Amino acid sequence: MKKWTALVSLFALFIGFQTYAQDNVIELQFERLISSIQPQKSIIERTASFENHSRLLNALRATNLDKVLNYKGEFTVFAPSNLAFEKLSEATIDKLFDPENRKALKAMLSYHIIADKLSASTILRAMCRGNGVAKFTTIQGEKITATMKGIDIVLTDKSGNSAVIVTADSNQSNGIIHEIDTVFVPETTF
């Protein structure tokens with residue numbers, strides 16, 4: 001009986017050491033994975049690396065909002081893609097990018113930025129608490145309303161313009177980017 005007890009104890013000790021060593025290896029690998037996942041670029045740096053956001057980047061730079069989106073604060077940007085800008089008429093694009101209309105362009109872009117980090121799941125939770133509707137205040141000071149249409153999150157501004165989030169949760173060092181399919185151009189822009 002003593003021989004079995006010693007053998008079982010030795011086996012349990014061996015398993016304990018092996019498990020402890022594996023836990024440390026797993027913990028070390030997990031820490032490496034987390035550090036590699038941590039976003040290192042700011043919202044503006046990431047936007048600059050997306051080819052399909054070149055018009056947005058040009059507009060942000062023209063209005064100096066690129067400097068704001070480089071701060072360490074937390075922001076959510078509903079980023080219209082180049083395809084979203086192509087939905088606008090040439091006359092509207094010409095007006096927006098006219099140097100004399102920088103103030104109007106900045107106001108329009110401010111409808112796309114919220115001074116808080118809102119992931120898609122945060123937006124969905126807010127909609128659940130609001131019986132299917134959630135409102136968020138942009139840095140322009142106006143509200144954007146989030147609702148669901150099928151499986152899509154739809155954002156609507158005060159003028160009734162709506163956009164669908166087509167790509168969600170691009171986490172950055174200072175916030176999050178959600179790509180949308182339409183540019184919000186409030187009626188009071190021009």
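Trainee: At what angle do helix α3 and helix α7 pack, and how far apart are their axes?
Mentor: Two packed helices are described by the angle between their axes and the distance between the axes. In this predicted model, α3 (residues 54-62) and α7 (residues 102-110) pack at about 120°, with axes 9 Å apart. Helices here are DSSP runs (H or I, at least four residues), and strands are E runs of at least two, numbered from the N terminus. Angles under 35 degrees count as roughly parallel, over 145 as roughly antiparallel, 65 to 115 as roughly perpendicular and the rest as oblique, and α3 and α7 are therefore oblique to each other.

Trainee: Which residues make the contact?
Mentor: Contact means heavy atoms within 4.5 Å, and here L56, A59, L60 and A62 of α3 meet R102, L105 and L109 of α7. These residues divide into 6 nonpolar, no polar and 1 charged, where Ala, Val, Leu, Ile, Met, Phe, Trp, Tyr, Cys and Pro count as nonpolar, Asp, Glu, Lys and Arg as charged, and the others, Gly among them, as polar.

Trainee: Where is confidence lowest, and where is it highest?
Mentor: pLDDT is the predictor's confidence in each residue, from 0 to 100. The chain has a mean of 83, with 77% of its residues at 70 or more; confidence is lowest in helix α1 (residues 2-37), at a mean of 53, and highest in strand β3 (residues 134-137), at 97.

Trainee: What conventions apply?
Mentor: Residues are numbered from 1 along each chain as its sequence is written, and side-chain values use heavy atoms, leaving out hydrogens and water. Local features need pLDDT of at least 70 and side-chain atom pairs count only at 80 or more, whereas totals for chains, interfaces and linings use all residues.

Key
Axes are lines fitted to C-alpha atoms, for helices over the stretch in contact, and angles run from 0 to 180 degrees between N-to-C directions.
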